[in-house]
Amino acid sequence: MIRDDIKAAQLAAMKAGDKESRAAISLIQAAIKNRDIELRTGEAPADDDMVVIEVLQKMVKQRRESIAMYEQGGRQELADAEKAEVTVIERFLPQTLTEDETKAAIEAIKVEIGASGMKDMGRVMAELKARHAAVLDMSKASGLVKAALA
């Protein structure tokens with residue numbers, strides 16, 4: 001489980017004296033704990049790793065947005081700190097699909113559901129997310145789906 005990997009990495013970072021990694025992993029654990037608290041009111045998720053992956057993907061997205069803003073504002077030291085956090089967070093995410101693999105998945109779904117034009121984009125995106133959300137950058141996939149359906 002990804003949670004176990006995160007805990008092991010936290011211990012390893014503490015033993016190695018790696019303050020940057022330890023701090024980033026603590027942020028990961030806090031975000032996961034917050035998500036667990038949010039989920040207490042609903043039913044238990046079927047796949048715990050999927051919950052963790054969603055949290056990690058959200059954290060990476062937030063940091064990439066921050067990096068862009070810091071670089072535009074001329075704050076390179078802050079951008080570098082965010083990049084270091086992204087590197088730590090991405091260690092726990094599964095390997096994402098390549099562009100070619102993503103295109104192949106889109107084509108398979110397109111054929112399977114009989115998608116023929118832009119009116120079917122929502123259905124294709126929903127199916128793509130249902131099947132590949134953990135290993136896919138949905139923002140990039142959106143552009144590829146548009147291109148495939150155009």
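Me: In which helix is Gln 29 found?
Reply: This is a predicted model, where local features need pLDDT of at least 70, side-chain atom pairs count only at pLDDT 80 or more, and totals for chains, interfaces and linings use all residues. Residues are numbered from 1 along each chain as its sequence is written, and side-chain values use heavy atoms, with hydrogens and water left out. Helices (H or I, at least four residues) and strands (E, at least two) are DSSP runs, numbered from the N terminus. On that numbering, Gln 29 sits in helix α2.

Me: Does Gln 29 count as buried, exposed or partly exposed?
Reply: Buried means under 20% relative accessible area, exposed means over 50%, and partly exposed lies in between (1.4 Å probe, protein chains only). Gln 29 has 27% relative accessibility, so Gln 29 counts as partly exposed.

Me: Which residues does Gln 29 touch, not counting residues up to four places away in sequence?
Reply: Touching here is contact, which means heavy atoms within 4.5 Å. With residues up to four places away in sequence not counted, Gln 29 touches Ile 6, Lys 7 and Gln 10.

Me: Does Gln 10 count as buried or exposed?
Reply: The place of Gln 10 is in helix α1 (residues 2-16). Leaving out residues up to four places away in sequence, Gln 10 touches Arg 22, Ile 25, Ser 26 and Gln 29. Gln 10 has 10% relative accessibility, so Gln 10 counts as buried.

Me: How many helices does the protein have?
Reply: From the N terminus on, the elements run α-α-α-α-α-α-α. There are zero strands, and the helices come to seven.

Me: Which element has the highest mean pLDDT?
Reply: pLDDT is the predictor's confidence in each residue, from 0 to 100. The protein has a mean of 87, and 97% of its residues reach 70 or more. Among the elements, helix α7 (residues 138-149) has the lowest mean, 81, while the highest, 94, belongs to α4.

Me: How far apart are the end C-alpha atoms of helix α4?
Reply: Helix α4 (residues 76-90) has 15 residues. The expected span is 1.5 Å times one less than the number of residues. That rule gives 21 Å for α4, which agrees with its end C-alpha atoms, as they are apart by 21 Å.

Me: Against which helices do the buried residues of α4 pack?
Reply: In α4, the buried residues are Ala 79, Glu 82, Glu 85, Val 86, Val 88 and Ile 89. They pack against α2 (19-39) and α3 (48-72).

Me: How far apart do the C-alpha centres of domain 1 and domain 2 lie?
Reply: Domain bounds come from an automatic or database domain assignment. The protein is divided into domain 1 (2-91) and domain 2 (99-149). The distance between their C-alpha centres is 27 Å.
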